[in-house]
Amino acid sequence: MSDQTITSVSRESRVFRPSAEFQRQANLGSLAAYKRLYAESVNAPEKFWGRQAKELLTWRRPFKKALSWKLPHAKWFVGGQLNVAENCVDRHLGTARENKAAIIFEGEPGDIRTLTYKQLHREVCRFANVLTGLGVGKGDRVAIYMPMVPEAAIGMLACARLGAIHTVIFGGFSSEAIKDRVNDCQAKVILTADGGWRRGKVVELKTNVDRAVGFTPSVQHVVVLKRTGNAVTMTEGRDRWWHELVDAAPVEHRAKGFDSENPLFILYTSGSTGKPKGVLHTSGGYLLGTAITTKYVFDLKETDIYFCTADIGWITGHSYVVYGPLANGATILMYEGAPNQPGPDRFWEMIDRHGATIFYTAPTAIRAFMRWGDEHVKKHSLKSLRLLGSVGEPINPEAWMWYHTLIGKKRCPIVDTWWQTETGAIMVSPLPGVTPTKPGSCTLPFFGVVPKVLDEQGREVPRDSGGKLFLKNPWPSMLRTLWGDDDRFKRQYWSELPGYYFAGDGARIDKDGYLWVVGRIDDVLNVSGHRIGTAEVESAMVSHPAVAEAAVVGRPDELKGQALVVFVITKSGVEPTKELREELRAHVAREIGALARPDDVRFAAGLPKTRSGKIMRRILKEIAAGGEIKGDTTTLEDFSVVSALQAQED
Ligand code: PRX
């Protein structure tokens, strides 16, 4: 075997077929129907997407051509004009959805607020007038640094209504991150709040903005929502209260149509090195991609109460809290705070309280629920749930089974959705009621998506062998470029193999054509000439009953190339002993072979994670190698975790 190929060591073989009951009511009712539409979507993409765009979106001016593709630059729905906010809000007025809840909001302290589509429309119109009054127009950039409250979505939709470009900066980021992002896109206005609630404490958002804004000359105004009521400093002339502006703004707003390729938003995502990348998404294609995936992957029905736990600071919050669900006229459940406030059962309590039917979260959260203990789940009925989703990283089979059993009560299909900030919408996922699922696999491509697993020479690797994950054809919700850096866009995504989009992930396709993502290529381990994905080793480790969470990295080793170092968090109540360490090494060797026997198992109280819950293996690598921490740590959630791990080494 070539040393460039990834050796796949996973032995997961369970298959879960959709129930007849779910299948009967599914928006797409059979595998045959999926295959037929999929074939059309890849054989005649312009016809397929043209039809979907007409059916699912409302156009002000019809497009002339579905796609213009000059690799790597795509234009979708050429010549068409639409208004994204109108598609998400206005068009539901005058229908049965007018008085339907668009947003059910629950604040961390327990305050509940519901906005119907009619009310949401009024708020978006008023805020669009506010922004116009502050000089915001088509193409201007507006930064949004807010808690997870309805006004954050209102701010996004008001920008979209004006053809302005929003850039949401996650409320957990520091003033440094605000400064870099605002300067990169030259935002004119920042929308923020006095604070937001997190674990019973106020996160002082306005104070962070104040620290940044002295270094961001492009910013003319800061609009401040009163959420927590803590004292803030308002700078005369620059800072304005949200409620005062809104109270003075007219409720009428006539939306204009904008070009399908008009930019909708920039979302910064951290690269492994260098400054964050400003991923640019545009209007028609992005909205279609999020709308169609919401409809089919979440099997959305008029009566659903849809709960996605992602913050709007991430792409998941953009695509599956705001744009996809609202374009479909869905009811979204939006939550402000931490999942364990006041207790570890906050989500389950909310699901029962509001009758949530669809629940979409991340494997890192699922592992946290597992660690907190089953008793917190068992206190609640969860009987309203009918569908579960997972996103953000490979879900280890252990977590998948727990999710399936404890949360889904073996009744709800799980959609494990693979996609990226750059892809805008879900790319690979089961369709519920249609696709038999295998724990840990994101299964089959969505319409129009052609995933390829290739080796270094661009050859397709045999079934069940690992390689690099590429996407072959353009798709409507693809990123258009990196803001202000088209060269980096080409280098980063389109130069690994000419003609293909490089996702940066390692993967394999099994004999049934199912895709298994094994982790980021940058994290791939190289042991004695075998390249192994991090996900597989970690998932073997987590399948041991004493382990709550694990992260594996390579440490340079003269003999093997890399030695495997696994950082392990044990379940509560488990003593981290020397014997357990040996047992865990043996367990991994038993599960996936001696090749992957960890050289070192280190017990840890916490792992360095990004704010979105991804393990920062780069930092663990540096700790494992005993070196200092270099590079950017601004996206790190909690630096004390790193200090604790380093202290352990001394
Ligand atoms: O490595 C893959 C992993 O997350 C990366 C994209 O991260 P981000 O842009 O932050 O977007 C996260 C939300 C879409 C991917 O390259 N990833 C995401 N979903 C999955 C996944 N890995 C395996 N299975 C998934 N379902």
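The axes used below are lines fitted to C-alpha atoms, for helices over the stretch in contact, and the angles run from 0 to 180 degrees between N-to-C directions. The model is predicted.

**Helix packing**

Helix α3, residues 45-56, packs against α10 at an angle of about 80°, and the two axes lie 10 Å apart. Angles of 65 to 115 degrees count as roughly perpendicular, and α3 and α10 are therefore roughly perpendicular to each other. On the α3 side the contact is made by Trp49, Gln52, Ala53 and Leu56, while α10 contributes Leu288, Ile292 and Lys295. By class, this contact comprises five nonpolar residues, one polar residue and one charged residue.

Helix α10, residues 284-297, gives the most to the lining of the largest cavity, with three residues.

The second largest cavity has a volume of about 50 Å³. Its lining includes Leu82, Asn83 and Val84, together with Cys159, Ala160, Gly163 and Ala164. Also in this lining are Phe258, Asn262, Pro263, Leu264 and Ser283. At least two lining residues come from each of α6 (150-162) and β14 (263-269).

The table sets out the residue classes of the two linings.

| Cavity | Nonpolar residues | Polar residues | Charged residues |
|---|---|---|---|
| Largest cavity | ten nonpolar | three polar | no charged |
| Second largest cavity | eight nonpolar | four polar | no charged |

The lining of the largest cavity has no charged residues, and the lining of the second largest cavity has none either.

**Histidine 221**

Histidine 221 is located in strand β11, which spans residues 221-225. Is histidine 221 buried or exposed? The relative accessible area of histidine 221 is 15%. Buried means under 20% relative accessible area, so histidine 221 is buried. Not counting residues up to four places away in sequence, histidine 221 touches Leu134, Lys188, Val189 and Ile190, and also Gly237, Arg238 and Arg240.

Definitions and conventions. Residues are numbered from 1 along each chain as its sequence is written. This is a predicted model: local features need pLDDT of at least 70, side-chain atom pairs count only at pLDDT 80 or more; totals for chains, interfaces and linings use all residues. Side-chain values use heavy atoms; hydrogens and water are left out. Helices (H or I, at least four residues) and strands (E, at least two) are DSSP runs, numbered from the N terminus. Ala, Val, Leu, Ile, Met, Phe, Trp, Tyr, Cys and Pro count as nonpolar, Asp, Glu, Lys and Arg as charged, and the others, Gly among them, as polar. On a 1 Å grid over the protein atoms alone, a cavity is a set of points where a 1.4 Å probe fits but cannot get out, and a pocket is an open set with protein on both sides within 12 Å along at least five of seven lines; lining residues have an atom within 4 Å of a point. Grid points are joined across faces, edges and corners, and a volume is the space filled by probe spheres set on the points. Angles under 35 degrees count as roughly parallel, over 145 as roughly antiparallel, 65 to 115 as roughly perpendicular and the rest as oblique. Contact means heavy atoms within 4.5 Å. Buried means under 20% relative accessible area, exposed over 50%, partly exposed in between (1.4 Å probe, protein chains only).
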